[in-house]
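Load the model in your viewer and keep the selection panel at hand. The stops below are given in the order in which to select them.

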Amino acid sequence: LTMVRTYIQNWVDDELLIRKAEDNLPEEIKDFSKELEDYRNSLIIFEYKKMLLQQQLDTNISLDAIAAYYRDHATRFALKNDVVMMKYLMLHVDSPAKGKLVGFLQSDEIDAKDSLALYCSKYASDFSLAEDYWMEREDIQEYIPDLEYGYDAFLANRRYFELKDSNFVYLIRFIDYRPADSIAPVALVEKQIREMILNKRKNSLIKEMQQTVLQDAIANNQVE
């Protein structure tokens, strides 16, 4: 009931204010025909451009196109923070699979990687094995709160760690590391590159449309 009363009061206030303004404002100020026409025209142009993009925009972006854009504009993708790629798994301290998992984790053989995934799904309480997933260095703390790691350690080839608490053992292998101000790995900026390429195509398509409209108008003597 309170909301209804508030709505009615607001409506009455607005109506009274509109009547007061109508009675006191000069006619030329109350004439919004140009503004309304401009707004209508902008809406029409917007809808036409949207229709054109829906009909003609090529949204397929190949990996080759992404790689080429990344190569040609690499300096745009400088990192603001250190990022790492790592494999991580958490086991119960009494897990019988620890020995095998340590071996699988430190191997780059295809069979070892397959076995690692299989054993993790069976024995690990938590794990992350993706080789295309990058995270900021600070986010390591979400997985292993007690692990401090930096670029110097990576360069010194300190890339495998085991940590332990009363319930779990944590196995970590760092696969890659990119420090701040270096160029971001392409996997980390792929989505951004897709959006850049798509936006460039949109702008080109709209520009071509505008040129075509102008040329047609000139050809039909519609432009003086």
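Select S128: with a relative accessible area of 17%, S128 is buried (buried is under 20% relative accessible area, exposed over 50%, partly exposed in between, with a 1.4 Å probe and protein chains only). S128 sits in strand β2, residues 126–128; helices (H or I, at least four residues) and strands (E, at least two) are DSSP runs, numbered from the N terminus. Leaving aside residues up to four places away in sequence, S128 touches M86, K87 and Y88, where contact means heavy atoms within 4.5 Å.

This is a predicted model, in which local features need pLDDT of at least 70 and side-chain atom pairs count only at pLDDT 80 or more, while totals for chains, interfaces and linings use all residues. Residues are numbered from 1 along each chain as its sequence is written, and side-chain values use heavy atoms, with hydrogens and water left out.

K87 belongs to strand β1 (residues 83–92) and E131 to the loop between β2 and β3 (135–136), so the bridge ties together parts 44 residues apart in sequence. K87 is buried at 2% relative accessibility, whereas E131 is partly exposed at 37%. The structure holds 12 salt bridges.

Now pick K98 and E162, whose side chains meet in a salt bridge of 3.1 Å, N to O. K98 is in helix α5 and E162 in strand β4 (residues 160–164), so this pair links parts 64 residues apart in sequence. K98 is partly exposed at 27% relative accessibility, and E162 is partly exposed at 38%.

Move to helix α4 (residues 63–72) and helix α9 (residues 186–219), which pack at about 100° with their axes 10 Å apart. Axes are lines fitted to C-alpha atoms, for helices over the stretch in contact, and angles run from 0 to 180 degrees between N-to-C directions. α4 is therefore roughly perpendicular to α9 (65 to 115 degrees; under 35 is roughly parallel, over 145 roughly antiparallel, the rest oblique). To show the contact, select L63, A65, I66, Y69 and Y70 of α4 with V186, V189, E190, I193, R194, M196 and I197 of α9.

Finally, keep E190 and R194: they form a salt bridge, with the closest N and O atoms 3.2 Å apart. Both lie in helix α9, four residues apart, about one turn of the helix.

Note on methods
A salt bridge is a side-chain nitrogen of Lys or Arg within 4 Å of a carboxyl oxygen of Asp or Glu.
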